[in-house]
Amino acid sequence: MCRSIKTLRPPLLAEEATEEEIRAAALQYVRKVSGFRAPAAHNQEVFDRAVEVIAEATAELLDGLEIRGATARRAG
């Protein structure tokens, strides 16, 4: 697991994850999986799209989680 990706769900995160935090986690994931910190120009489009898709999936996951003791879920 990529150690620079932090847990984004309550109560481990004091407040709901922001879009910026979700995108940062997605970027770290894509970097780890691809092995590239920054892609070559010919890979930029697919790299960026992967970040967006993973960020969307992460937001959907966080929206759908039911956490004991948490009173509110993300407003999407």
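**Figure 1. Leu-8, a buried residue in the segment before α1.** Leu-8 is buried, with a relative accessible area of 10%, and its place is in the segment before α1. Buried stands for under 20% relative accessible area, exposed for over 50%, and partly exposed for what lies in between (1.4 Å probe, protein chains only); helices (H or I, at least four residues) and strands (E, at least two) are DSSP runs, numbered from the N terminus. The model is predicted, so that local features need pLDDT of at least 70 and side-chain atom pairs count only at pLDDT 80 or more, while totals for chains, interfaces and linings use all residues. Residues are numbered from 1 along each chain as its sequence is written, and side-chain values use heavy atoms, with hydrogens and water left out. Leaving aside residues up to four places away in sequence, Leu-8 touches Leu-13, Ala-17, Glu-21, Ile-22, Ala-25, Thr-58 and Leu-62, where contact means heavy atoms within 4.5 Å. From Leu-8 to Ile-22 the C-alpha distance is 7.6 Å, across 14 residues of sequence.

**Figure 2. Helix α1 and the residue that follows it.** The end C-alpha atoms of α1, a helix of 16 residues, are 22 Å apart, which agrees with the 22 Å that it should span at 1.5 Å a residue; the expected span is 1.5 Å times one less than the number of residues. Ile-22, Ala-25, Ala-26, Leu-27, Val-30 and Arg-31 are the buried residues of α1, and they pack against α2. Ser-34, also found in helix α1, counts as partly exposed at 31% relative accessibility, and its C-alpha atom is separated by 8.5 Å from that of Phe-47, 13 residues apart along the chain. Just after α1, Gly-35 takes a positive phi of about 80 degrees.

Figure 3. Helix α2 (residues 44-64) has 21 residues and reaches 30 Å from its first C-alpha to its last, close to the 30 Å expected at 1.5 Å a residue. Within α2, the residues Phe-47, Val-51, Ala-55, Thr-58, Ala-59 and Leu-62 are buried. Seen down the axis of α2, these buried residues fall within an arc of 105 degrees, so they line one face of the helix; the arc is that of the directions from the helix axis to the C-beta atoms. The buried residues of α2 pack against α1 (19-34), whereas the face turned away from the buried side carries the exposed residues Glu-45, Val-46 and Glu-60. Ala-57, whose place is in helix α2, is partly exposed, with a relative accessible area of 43%. The C-alpha atoms of Ala-57 and Ala-26 are separated by 9.3 Å, although these residues are 31 residues apart along the chain.

**Figure 4. The largest nonpolar core.** A nonpolar core is a set of buried Ala, Val, Leu, Ile, Met, Phe, Trp, Tyr and Cys residues joined through side-chain atoms within 4.5 Å. The largest one has 13 residues, of which Leu-8, Ala-17, Ile-22, Phe-47, Val-51 and Leu-62 touch the most other members. The elements that give two or more residues to this core are α1 and α2.

**Figure 5. The largest pocket and its lining.** The volume of the largest pocket is about 190 Å³. Ile-5, Lys-6, Thr-7, Leu-8, Arg-9, Ala-25, Ala-26, Tyr-29, Ile-54, Thr-58, Leu-61 and Leu-62 line this pocket. On a 1 Å grid over the protein atoms alone, a pocket is an open set of points where a 1.4 Å probe fits, with protein on both sides within 12 Å along at least five of seven lines, and lining residues have an atom within 4 Å of a point. Grid points are joined across faces, edges and corners, and a volume is the space filled by probe spheres set on the points. While α1 and α2 each supply at least two residues of the lining, the largest share, 4 residues, comes from α2.
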